[in-house]
Amino acid sequence: MGLKAGFGKADTISDNLFISQTAGVLSKGDWLAKKEELESQKMEKEKRAMETERKKEEKLIKRRKKERKAKASALSFDDGEEEEAEVPVEVSYGKDPTVDTTFLPSAEREKKEKEAKEEALRLLDIERTKHSETPIKLTVVSGGKDGGTHHHISLKLGNRVSHLLTAVINGKKDRALATAFSSDDLLLIVDNLLISQSYLLFDLTIAANTVSGTNLFDFTKTKPHILLRRWYNSKIDTSAAHIITYDPTAIYKLKSPGIWEVFSPS
């Protein structure tokens with residue numbers, strides 16, 4: 001479709017840096033690489049700051065020890081009538097720069113992530129609005145006998161999957177779908193992924209949640225299938241067992257041609 005975008009969890013550096021360096025990122029994989037790079041830079045900066053602070057504290061302690069020794073030497077000629085009062089040394093303790101504490105909860109980190117995520121969602125809404133009227137032509141297939149019935153549907157990226165299913169019903173090209181009276185009676189399957197009727201077509205065209213970071217749904221190459229819900233419900237444990245519900249937050253890996261599985265890194 002030529003339309004791609006990447007949105008996901010935010011980094012923890014700064015909103016401006018996040019927006020400027022992830023603008024135009026085409027995939028979730030690219031975004032994660034950029035996030036890891038920025039996090040690494042931040043951690044290195046914090047380590048340098050901690051090391052500088054530690055050296056300052058060491059110098060302060062050494063200077064105060066020298067001052068106490070000089071004062072004690074001067075008082076030794078004073079008939080020993082006065083005893084030097086112990087001067088407490090205040091030492092501030094910071095994080096050990098060699099210890100990784102990024103796994104610990106941080107209010108500031110969580111706040112940054114929340115703000116950046118909200119900004120990413122705002123930018124996504126802008127893109128949705130911008131392309132909502134962009135036309136899209138889809139070829140979907142119903143039935144399986146003799147290659148099935150092909151339905152050529154013209155919609156807009158701002159339409160939802162339910163609009164696509166309704167258009168198939170209204171086309172009345174497949175007599176097998178005569179029992180379908182609304183979009184709720186049908187299901188949309190892309191490869192082996194069951195797509196919710198609530199998803200916008202725009203969101204599907206930019207979905208890049210694959211291991212390789214490429215588009216998950218390429219409607220120029222893949223023809224979605226239409227199934228009767230009652231058929232699916234009766235075959236869910238047999239011929240429809242390979243079908244899984246699409247989750248936009250998951251990462252998918254191609255197991256075999258036309259078969260996706262959720263990727264779980266070891």
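On the surface, Lys62, Lys65, Lys66 and Lys69 gather in a patch of positive charge. A patch here joins like charges within 9 Å, among residues with over 30% relative accessible area and no salt bridge (a side-chain nitrogen of Lys or Arg within 4 Å of a carboxyl oxygen of Asp or Glu). The model is predicted: local features need pLDDT of at least 70 and side-chain atom pairs pLDDT 80 or more, while totals for chains, interfaces and linings use all residues. Residues are numbered from 1 along each chain as its sequence is written, and side-chain values use heavy atoms, without hydrogens and water.

Lys65 belongs to helix 2, residues 28–75, and is partly exposed at a relative accessible area of 45%. Buried means under 20%, exposed over 50%, and partly exposed in between, with a 1.4 Å probe and protein chains only.

The protein chain has six helices and eight strands, taken as DSSP runs of at least four residues (H or I) and at least two (E). Of its 266 residues, 29% are buried.

The largest nonpolar core has 34 residues, and Ile195, Leu204, Phe217 and Tyr246 have the most contacts inside it. Such a core is a set of buried Ala, Val, Leu, Ile, Met, Phe, Trp, Tyr and Cys residues joined through side-chain atoms within 4.5 Å. Helix 4 gives the largest share, five residues.

Lys172, in the loop between helix 4 and strand 3, has a positive phi near 50 degrees and is exposed at 72%. Asp191, in the loop between strand 3 and strand 4, has a positive phi of about 55 degrees and is partly exposed at 32%.

Note on methods:
Patches are made of residues with over 30% relative accessible area and no salt bridge: like charges are joined within 9 Å, nonpolar side chains (Val, Leu, Ile, Met, Phe, Trp, Tyr) within 5 Å. Accessible areas come from the Shrake-Rupley method with a 1.4 Å probe; for residues, only the protein chains shown count as cover. Lys and Arg count as positive and Asp and Glu as negative; His and the chain ends are not counted. The place of a charge is taken as NZ of Lys, CZ of Arg, CG of Asp or CD of Glu.
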